[in-house]
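Hi there,

Here is the structure I promised to pass along. Have a look at it first, and my notes follow below.

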Amino acid sequence: MSQQNSKSAIVSANGCGCLVLLMGIGVIGAIALPSFLNASNKPMISEAKQYVGSMNRAQQALFIEKSAFATSVDALGIEIKTETTNYKYSVRATKQTAFNYGLSKKPELKSYVGGVFVIRVKSNNGEDEMRTESILCSADKPGTIPPLPPQVHNGKLVCGTGTTKVTK
């Protein structure tokens, strides 16, 4: 075999090796990229879950103290910003319920809604007592549309349609 032919064979073998290497990198990238993108959203999602959970707890404490829910984020007294880079936070309250929202500002993030409900229960001595119960729900799909609020169904708190209960 001439020296020219052996150089061509070496170049062909190296070119084939590079192609296999590039294909391998592409396959690894296709597998790893979705996990990497989801991991980069976790701190943003954690913010919303923490904020709305804190808003729920503040509503419960406020109701115990004043027999009323806060009607604004500022009235909760927990120094949560009403808007961050990724979420807008708001409250909607009645005499018997408070809904706390963490609404995504970005289409790739899920929104959250918390609910605090006044529940009437019988005490051990048979008298009616009032207590509060709360639930935290996550939208099933990312987006900027407010999720449906939770509700009481057959005496139990349930997330609204299109949302799922967040467990700790």
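Glu47 sits in helix H1 (residues 3-66); helices are DSSP runs of H or I with at least four residues, strands are runs of E with at least two, and both are numbered from the N terminus. This is a predicted model, where local features need pLDDT of at least 70, side-chain atom pairs count only at pLDDT 80 or more, and totals for chains, interfaces and linings use all residues. Residues are numbered from 1 along each chain as its sequence is written, and side-chain values use heavy atoms, leaving out hydrogens and water.

Glu47 is buried but has no salt bridge, and Lys81, the nearest side chain of opposite charge, is 8.5 Å away. Buried means under 20% relative accessible area, exposed over 50%, and partly exposed in between (1.4 Å probe, protein chains only). A salt bridge needs a side-chain nitrogen of Lys or Arg within 4 Å of a carboxyl oxygen of Asp or Glu. Lys and Arg count as positive, Asp and Glu as negative, while His and the chain ends are not counted.

On to the disulfide (a pair of cysteine sulfur atoms within 2.5 Å). The count is 1: Cys137 and Cys159, with sulfur atoms 2.1 Å apart. Cys137 lies in strand S4 (residues 128-139) and Cys159 in the loop between strand S6 (156-158) and strand S7 (163-165), so the bond ties together parts 22 residues apart in sequence. The torsion about the S-S bond of Cys137 and Cys159 is about -90°, so this disulfide is left-handed. Cys137 is buried at 0% relative accessible area, and Cys159 also counts as buried, at 17%.

Best wishes
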